[in-house]
Amino acid sequence: MSEQEQAVRAIYESVRDRLVCDFATFASCLKDWNIVPLVQNNKVIGGVMVRGNEIHVGCSQRPPASALRYIRSTLGSILSRFDAAVTYVMESNKQGLAFCYRLGFTPVEVKNGSVYMKCIRCPYV
């Protein structure tokens with residue numbers, strides 16, 4: 001299995017309890033996304049999903065500080081190309097929201113249980 005396939009599997013595992021689809025359906029929905037694998041100790045633990053200026057991060061285990069380099073690189077690229085990055089996080093996902101706040105995302109809208117967020121400047125980039 002390639003690193004990208006492993007990353008998609010790890011992302012799926014990180015959100016599986018919030019989904020109503022199986023892995024095959026989830027993976028097929030990501031065919032238009034660029035997936036950047038997050039690697040720790042030569043093992044894929046998650047991935048950064050990018051499509052245009054939209055970004056999401058998913059990990060099957062708590063990411064180490066070293067994962068920040070992947071996120072910083074990807075987020076920096078989005079900010080330089082589009083001047084802003086967007087994401088959304090379930091309102092109930094307090095860890096995910098805290099992570100986005102640390103990266104510089106701010107809420108734009110809350111709709112149907114999701115917090116839509118925008119980042120124009122990241123303190124780590």
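Q: Which residues does Thr74 touch, not counting residues up to four places away in sequence?
A: Contact means heavy atoms within 4.5 Å. By that test, Thr74 touches Val36, Val48, Val50 and Ile55. This is a predicted model: local features need pLDDT of at least 70, side-chain atom pairs count only at pLDDT 80 or more, and totals for chains, interfaces and linings use all residues. Residues are numbered from 1 along each chain as its sequence is written, and side-chain values use heavy atoms, with hydrogens and water left out.

Q: Is Thr74 buried or exposed?
A: Buried means under 20% relative accessible area, exposed over 50%, partly exposed in between (1.4 Å probe, protein chains only). Thr74 has 11% relative accessibility, so Thr74 counts as buried.

Q: Which members of the largest nonpolar core touch the most other members?
A: A nonpolar core is a set of buried Ala, Val, Leu, Ile, Met, Phe, Trp, Tyr and Cys residues joined through side-chain atoms within 4.5 Å. Here the largest has 33 residues, and Ile35, Ile55, Leu75, Ala85 and Phe105 touch the most other members. Take Ile35: not counting residues up to four places away in sequence, Ile35 touches Gln4, Ala7, Val8, Ile11, Leu30, Val48 and Met49.

Q: How many residues of each class form the lining of the largest pocket?
A: Ala, Val, Leu, Ile, Met, Phe, Trp, Tyr, Cys and Pro count as nonpolar, Asp, Glu, Lys and Arg as charged, and the others, Gly among them, as polar. The lining of the largest pocket has 28 nonpolar, 10 polar and five charged residues.
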